[in-house]
Amino acid sequence: MVQERSERTRGRLVEAGATLFDRCGYAGATLGEIAGAAGVTKGALYFHFASKEELARAVFEQAETSLRTACAAPRSVDSPLQALIDAGYWLVDALGSDAVIRAAFRLGRDGAEWPEEPRPAAPAGTFAGMRGFHGVWAGVVRDLLSGARRAGELRDRSGGLGPETLVVTAACGLEVVFADGCPSEERARRVGALWDWLLPCLVPPGSSVGYRTRPAAPRPA
């Protein structure tokens, strides 16, 4: 019982921290405000997190876990390219509903103020300079696109850096376009239009009709 209560408190602190980081940035969010928003004392906050930096890392790690879990979830279609399309829809929905995801991107932009942990160097020819959560998202996009190439879903001329640069840049741009809020219908319309335009550039002629470029139907409860 005590452990469950402790985990709930930690979860409230992560959510409150994410909300304040998203709204005020890393430097603008104070531990006192975060504790107040979570409904706990500052002492209780320090019991779970020794510093603001440690809390920011917890927010970042929760966002990364959510992203990777969503993109690795079983799907009805065994297609890395379809998974990539679905990942884009997941991201824009999360930007509208999940402060943890928005905060992770904001923390990446505040990298000069928040000392992000060093990560393994990216392979040569990839987006090695992308920091923070943009780098995590770009890596997921890149892996799914590479899976699509191995599965034979991409046309022969889609090798090289051009298509990867186009898709990763477009995918990372989703955060910029939708971070400040947008009606869900408009998000879906714009992401669908993006993929309607990108797919013929990536797949063999005539095969784009085999992909769903609209959000997946909700799964039954």
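Predicted model: local features only at pLDDT ≥ 70, side-chain atom pairs only at ≥ 80, totals over all residues.
Residues are numbered from 1 along each chain as its sequence is written, and side-chain values rest on heavy atoms, with hydrogens and water left out.

The secondary structure consists of nine helices and zero strands, assigned as DSSP runs numbered from the N terminus (helices, H or I, at least four residues; strands, E, at least two). The order along the sequence is accordingly α-α-α-α-α-α-α-α-α. Of the 221 residues in the chain, 44% are buried, where buried denotes under 20% relative accessible area, exposed over 50% and partly exposed the range in between (1.4 Å probe, protein chains only). Contacts are defined by heavy atoms within 4.5 Å. Among contacts with a separation of 6 or more, 72% involve residues 24 or more positions apart.

The largest nonpolar core comprises 63 residues; such a core is a set of buried Ala, Val, Leu, Ile, Met, Phe, Trp, Tyr and Cys residues joined through side-chain atoms within 4.5 Å. Within this core, the residues with the most contacts are F21, I34, F133, W137 and W195. Two or more core residues are given by each of α1 (2–28), α2 (31–38), α4 (52–72), α5, α6 (99–109), α7 (132–150), α8 (161–178) and α9. Helix α5 supplies the largest share, 10 residues. Beyond its neighbours within four places in sequence, W137 contacts L67, A87, G88, L91, F105, A171 and C172.

Helices α5 (residues 80–97) and α9 (residues 184–202) pack at about 155°, with axes 10 Å apart. Axes are lines fitted to C-alpha atoms, for helices over the stretch in contact, and angles run from 0 to 180 degrees between N-to-C directions. The α5–α9 crossing is right-handed, that is, the near helix is turned clockwise from the far one by less than a right angle, anticlockwise being left-handed. In this contact, L81, L84, I85, Y89, V92, D93 and G96 of α5 meet R187, A188, V191, G192, W195 and L199 of α9. By class, the contact has nine nonpolar, two polar and two charged residues; Ala, Val, Leu, Ile, Met, Phe, Trp, Tyr, Cys and Pro count as nonpolar, Asp, Glu, Lys and Arg as charged, and the others, Gly among them, as polar.

The axes of α6 and α7 come within 5 Å and cross at roughly 115°. Here I101, A104, F105, G108 and R109 of α6 form the contact with G132, F133, H134 and W137 of α7. Five nonpolar, three polar and one charged residues make up this contact.

Two buried positions were examined individually. V59, in helix α4, counts as buried because its relative accessibility is 0%. V59 lies 7.4 Å from G17, C-alpha to C-alpha, across 42 residues of sequence. Apart from neighbours within four places in sequence, V59 contacts V14, G17, A18, F21, V100, A103 and L107. L154 occupies the loop between α7 and α8 and counts as buried at 8% relative accessibility. The C-alpha atoms of L154 and L199, 45 residues apart in sequence, are separated by 9.3 Å. With neighbours within four places in sequence again excluded, L154 contacts L81, L145, A148, R149, L202, V203 and P204.
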